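Colleague: I would like to learn how to read a strand, a sheet and a cavity. Please take them one at a time.

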Amino acid sequence: MRILRRYLTRQIVASVALVLVGLLMLFSFFDLIQQLEDVAKGRYPLMPALLLVALELPGRLYELFPVAVLIGTMFALAQLVLHSEYAVMRTAGVSIFALGRTLAIIGLGFAAIAFAIGEFVAPWSDEAGQRMKLRQTNADVKVSAFRSGIWVKDAGSFVNVGRILHDTTLEQIRVYEFDEAYRLRTISLARSARYLTENEWQLEDVVRTRFSGEGTEVERIAQTAWHSVLTPRILNVLLLPPDKMSVGTLFSYIRHLRDNRQDSARYEIALWNKIVYPLAVVVMMFLALPFAYMNVREGGVSTRIFAGIMLGLGFHLLSRLFGHAGMLAGWPPLLAAFAPTALFLGLALSLIYRLERR
């Protein structure tokens, strides 16, 4: 069985790598076309556009990994059936469930690779690409749907940030401080803020209004220190959608939202999706086994590729559907994240069982 496992590993890894290269080239071509539109409009030169496409590759690789594993495994296993190698394995006493266990072992290796890319490489490259694009276009981050910017609860204060620049410099900051009886104590308006260290910021050009029983007092300060829960790591959350963040960043931001009694359902679902996503790679390998065997009898390579793309697309759309439905219906985040994987796992096991009984 060890020799068989090595042989299957070589065949499947080669097929998956070939499919990944093809898919990455295809989607990179589409990304380049989109970037060329910005180049034609004069937003930035060609070389930064090419670099942006390169920085998007790890994210694309992470998104396409289950589909590539599905198509590549289908192709490799179908070749075994086509060349009668599968029949020899069955004659030698290898059951389809034993083959499934071998695929699970190979799939765990793919899952580890997918998790490493999604946790360490893709978030960094996506963030670097976003920052580079902001620098090239001299734009600021659209921090929220509110025209006034982003609002953050900070202990006994409420903070309003109008703009966040690509280097996490804040502009148009308003800090509303309240006392224990929720009476407004001070309002601080600052032109900009620069992060120093350990939750410490330096406010520039500050106008501070103090309220007391005797009236109001206004003072102007050129520079002053400001302690806040806001950090560059929290602000970096605004550069990327939740599904492109790392597990560590999501966990940190969820804890921040909970500490400030804010809704964290969207980020909790994204966190569980990141945790469950590598398991989908293993499920795709299970699903490839019955489809690869049947597709050899029902059609050629094009049929296998089409079936793999449709199944991968169906899984992706179902995951998005459950994620949005989970937020709207208030489902437990683990249920919303794990349900699509569980459904496809059930489909794979049922097809394998039917194939074994034939």
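Modeller: Start with burial: buried means under 20% relative accessible area, exposed over 50%, and partly exposed in between, with a 1.4 Å probe and protein chains only. Helices (H or I, at least four residues) and strands (E, at least two) are DSSP runs, numbered from the N terminus. In this structure, six of the eight residues of strand S2 (residues 157–164) are buried, so S2 is largely enclosed by the rest of the structure.

Colleague: What should I know about the model and its numbering?

Modeller: This is a predicted model, in which local features need pLDDT of at least 70 and side-chain atom pairs count only at pLDDT 80 or more, while totals for chains, interfaces and linings use all residues. Residues are numbered from 1 along each chain as its sequence is written, and side-chain values use heavy atoms, with hydrogens and water left out.

Colleague: Which strands pair with S2?

Modeller: Two strands pair if DSSP finds at least two bridges between them. S1 and S2 pair in the antiparallel sense over five bridges, with Trp 151 opposite Asn 160 in S2. Two residues lie between the strands of this hairpin, and Ala 155 takes a positive phi near 55° there. S2 also pairs with strand S3 (residues 170–178), in the antiparallel sense over seven bridges; Phe 158 has Tyr 176 in S3 as its bridge partner.

Colleague: In what order do the strands form the sheet?

Modeller: The order is S1-S2-S3-S4-S5-S6, an open sheet of six strands with antiparallel pairing. Strand S1 (150–154) and strand S6 (215–227) stand at the edges with a single partner strand each, so one side of each has no neighbour in the sheet. Further along, strand S4 (residues 184–197) and strand S5 (residues 200–212) pair in the antiparallel sense over 10 bridges, and Ile 187 stands opposite Thr 209 in S5.

Colleague: How many cavities of 30 Å³ or more does a search of the whole structure find?

Modeller: On a 1 Å grid over the protein atoms alone, a cavity is a set of points where a 1.4 Å probe fits but cannot get out, and lining residues have an atom within 4 Å of a point. The search finds two cavities of 30 Å³ or more.

Colleague: Which residues line the second largest cavity?

Modeller: Its lining consists of Tyr 62, Phe 115, Gly 118, Glu 119, Val 247 and Lys 274. Helix H4 (residues 96–137) gives the largest share of that lining, three residues.

Key: On a 1 Å grid over the protein atoms alone, a cavity is a set of points where a 1.4 Å probe fits but cannot get out, and a pocket is an open set with protein on both sides within 12 Å along at least five of seven lines; lining residues have an atom within 4 Å of a point. Grid points are joined across faces, edges and corners, and a volume is the space filled by probe spheres set on the points.
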